[in-house]
Amino acid sequence: MPRALLPLLGLVFALPLGVALVQGSGQAASMLAFASPPPELLEGCGDVPEAVALAEELRDRGLRIERYLEAIDSRKQELAAAEASLRSRLVELKAMKASVQLRQTDHSTQVQSDVDRLVAVFDKMKPAEAAAVLTNLPADFAAEIVMRVQPETGARIMAAVDPNQAAILTTHMGARSVRER
């Protein structure tokens, strides 16, 4: 007898849900997890423990599913908010990167311009005066200047520099040439 009652109970649970879905009244979601079964649902079945247990189990499952769906919706909202935050941060970081690259390019261009002007000044100086100034500069910077001046001017400047200093400058010039390859 109890086995014949289970399909009937399933029909009793599914029928209102099916009607609500067909009507599109939006009551289907509320029927998925009702807090307590209506009294007429178990009318005549209250003395069958299996029917009561099944009704309670279905109600509990419905409530659990509803809670899981709410948790999933909440997590979806949290993920959407986190994604929006990350996207805005990414846009911000890309803008910062472009700004830094622009500043670096500007700075590099300005340094190159300054070095070119300095080289032009050393090209115009007398070799002895240029040698006196170069000996007081850091060796790597002085080597850079000597490498950029006209070759004849560079040769005259190197000839006017102290031999020890000239050796150091030559070493820096050679090291730079090796690094560029």
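Residues are classed as buried under 20% relative accessible area, exposed over 50%, and partly exposed in between, with a 1.4 Å probe and protein chains only. The structure is a predicted model, in which local features need pLDDT of at least 70, side-chain atom pairs count only at pLDDT 80 or more, and totals for chains, interfaces and linings use all residues. Residues are numbered from 1 along each chain as its sequence is written, and side-chain values use heavy atoms, with hydrogens and water left out.

The mean pLDDT (the predictor's confidence in each residue, from 0 to 100) of the chain is 81, and 73% of the residues score at least 70. Among the helices (DSSP runs of H or I, at least four residues, numbered from the N terminus), α3 has the highest confidence in the chain, at 91, while α2 (residues 28-32) has the lowest, at a mean of 47. The pLDDT is below 50 over residues 25-35, a stretch with 17 contacts (heavy atoms within 4.5 Å) beyond near neighbours in sequence. Where pLDDT is low, the predicted coordinates should not be read in detail.

Ile-72 lies in helix α3 (residues 49-124) and is partly exposed because its relative accessible area is 45%.

In helix α6 (residues 151-160), Thr-153, Gly-154, Ile-157 and Met-158 are buried. Seen down the axis of α6, these buried residues fall within an arc of 130° (taken from the directions from the helix axis to the C-beta atoms), so they line one face of the helix. Pro-151 and Ala-159, on the other side of α6, are exposed. Ile-157 counts as buried because its relative accessibility is 1%. Leaving aside residues up to four places away in sequence, Ile-157 touches Phe-122, Pro-127, Ala-130, Ala-131 and Leu-134.

How values were computed
Helices (H or I, at least four residues) and strands (E, at least two) are DSSP runs, numbered from the N terminus.
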